[in-house]
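Thanks, everyone; I would like to take a few minutes to go through one model, starting with the chain as a whole and then turning to its charged side chains. Please have a look at it first.

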Amino acid sequence: QVQLVESGGGLVQPGGSLRLSCAASGSIFSIVSMGWYRQAPGKQRELVATINSSGFTNYADSVKGRFTLSRDNAKNTVYLQMNSLKPEDTAVYYCHADIRATTRGRSDYWGQGTQVTVSS
């Protein structure tokens with residue numbers, strides 16, 4: 001069994017910063033990729049950023065230059081540093097991981113979601 005635990009959401013003013021963390025734990029054999037998606041009210045869930053096992057990162061155009069995704073392999077944790085936040089960044093942010101578990105092969109896993117609100 002694999003779990004993803006998120007932290008770091010909250011309320012911030014426009015132009016401010018937040019850092020999200022997501023830690024994977026459990027029966028992990030290897031992590032193919034980890035990253036973040038978000039879903040705003042009335043909209044579909046969208047990719048924010050991902051990082052694969054080689055360290056290659058992929059960002060949505062809307063966050064390039066403002067968000068930075070990094071990872072700590074020893075802790076199976078990824079961090080999303082969000083700077084210059086805008087009201088349109090307001091959403092529930094979900095951690096995603098593509099993991100090969102020791103007990104069930106390769107699967108997608110999702111965190112419970114953390115709210116990010118950008119408002120004055």
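Let me begin with contacts, meaning heavy atoms within 4.5 Å: of those in the chain with a separation of 6 or more, 55% are between residues 24 or more positions apart. Before I go on, please keep in mind that this is a predicted model, in which local features need pLDDT of at least 70 and side-chain atom pairs count only at pLDDT 80 or more, while totals for chains, interfaces and linings use all residues. Residues are numbered from 1 along each chain as its sequence is written, and side-chain values use heavy atoms, with hydrogens and water left out.

As for secondary structure, the chain has zero helices and 11 strands, where helices (H or I, at least four residues) and strands (E, at least two) are DSSP runs, numbered from the N terminus. The C-alpha trace spans about 45 × 25 × 20 Å along its principal axes, and 42% of the 120 residues are buried, where buried means under 20% relative accessible area, exposed over 50% and partly exposed in between, with a 1.4 Å probe and protein chains only.

Now to the charged side chains. How many salt bridges does a search of the whole structure find? There are five, if we take a salt bridge as a side-chain nitrogen of Lys or Arg within 4 Å of a carboxyl oxygen of Asp or Glu.

One of them joins arginine 66 to aspartate 89, with the closest N and O atoms 2.7 Å apart. Because arginine 66 sits in the loop between strand E6 (57-59) and strand E7 (67-72), and aspartate 89 in the loop between strand E8 (77-82) and strand E9 (91-101), this pair ties together parts that are 23 residues apart in sequence. Arginine 66 is buried, at a relative accessible area of 11%, and aspartate 89 is buried as well, at 1%. Through salt bridges that share partners, Arg66 and Asp89 belong to one network with Arg38 and Glu46.

Another salt bridge brings together the side chains of arginine 106 and aspartate 98, at 2.6 Å from N to O, and here aspartate 98 is buried, with a relative accessible area of 10%.
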